[in-house]
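Welcome! Take a moment with the sequence and the 3D view, and then let us walk through them together.

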Amino acid sequence: MTYPTFALDDIGSLHESAQVEFKLAHGRNGQGQLPEDIWATYSSFANTLGGEIILGVREEHGHFTIEGIPNPLPVLQEFWEILDDPSRTSHNILAISDVQLIEIMNKKLIRIRVPIAPEHLKPVFIGTDPYTGTYFRVGDADMHASRRQVTQMLRRAHHCNKQLKAR
């Protein structure tokens, strides 16, 4: 299998921000495992400005090193399974093209582009309860949405869905 190859400068100059999140995804055995906290980032990007999650990068004290994921295919399979499970995530807003295996310095990474969710699908949340599973991106952090914020998004979504049905 061939992977898109990117120069180190494409990622090396990046830092975590409102729209970029790096995660190690190494797992206990070092072969690759989906990090559990990826879902809070997925929710926060979908509900805020969108963004990119890059798996296979280690952060230590604000310094990032490319570690890679030795066996990325099981990680990808688990990612899609959870994303498509309505008991785990409210909506899959990704297209196949939003998830890529990339290679930098002969190390495989997974790049996930999360778009902003359409208003009629917000909030995008983890689990089955929007009040406990909805996140927003604030700077480079994933923050739980308040009950008020979730209620506002649910009202906007209801209003958008009514308008879509009326068309």
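A salt bridge is a side-chain nitrogen of Lys or Arg within 4 Å of a carboxyl oxygen of Asp or Glu. By that rule, the structure holds 10 salt bridges. This is a predicted model, in which local features need pLDDT of at least 70 and side-chain atom pairs count only at pLDDT 80 or more, while totals for chains, interfaces and linings use all residues. Residues are numbered from 1 along each chain as its sequence is written, and side-chain values use heavy atoms, with hydrogens and water left out.

Here are some of the pairs.

| Salt bridge | N to O distance |
|---|---|
| Glu-21 and Arg-137 | 2.7 Å |
| Arg-58 and Glu-67 | 3.5 Å |
| Asp-98 and Arg-113 | 2.6 Å |

Glu-21 sits in strand β1 (residues 20-23) and Arg-137 in strand β7 (residues 135-138), so their bridge ties together parts that are 116 residues apart in sequence. Helices (H or I, at least four residues) and strands (E, at least two) are DSSP runs, numbered from the N terminus. Glu-21 counts as buried at 9% relative accessibility, and Arg-137 is buried too, with a relative accessible area of 6%. Buried here means under 20% relative accessible area, exposed over 50%, and partly exposed in between (1.4 Å probe, protein chains only). Both residues also belong to a network of salt bridges that links Glu-21, Lys-23, Asp-37, Arg-137 and Asp-142.

Arg-58 and Glu-67 are each partly exposed, Arg-58 at 27% and Glu-67 at 27%.

Now for the interior. A nonpolar core is a set of buried Ala, Val, Leu, Ile, Met, Phe, Trp, Tyr and Cys residues joined through side-chain atoms within 4.5 Å. The largest one has 25 residues, and Leu-55 and Phe-79 are among those with the most contacts inside it. Its largest share, 6 residues, comes from α3. Another core, of 8 residues, lies apart from it and includes Ile-54 and Val-57.

Finally, where is Ser-90 placed? Ser-90 is in the loop between α3 (72-83) and β5 (99-104), and at 18% relative accessibility it counts as buried. The side chain of Ser-90 reaches the backbone nitrogen of Phe-125 at 2.9 Å. Leaving aside neighbours within four places in sequence, Ser-90 is in contact (heavy atoms within 4.5 Å) with Pro-123, Val-124, Phe-125 and Gly-127.

Terms used: A polar contact is a pair of N or O atoms within 3.5 Å; within protein, one must be able to donate a hydrogen and the other to accept it, and residues adjacent in sequence count only if both atoms are side-chain atoms.
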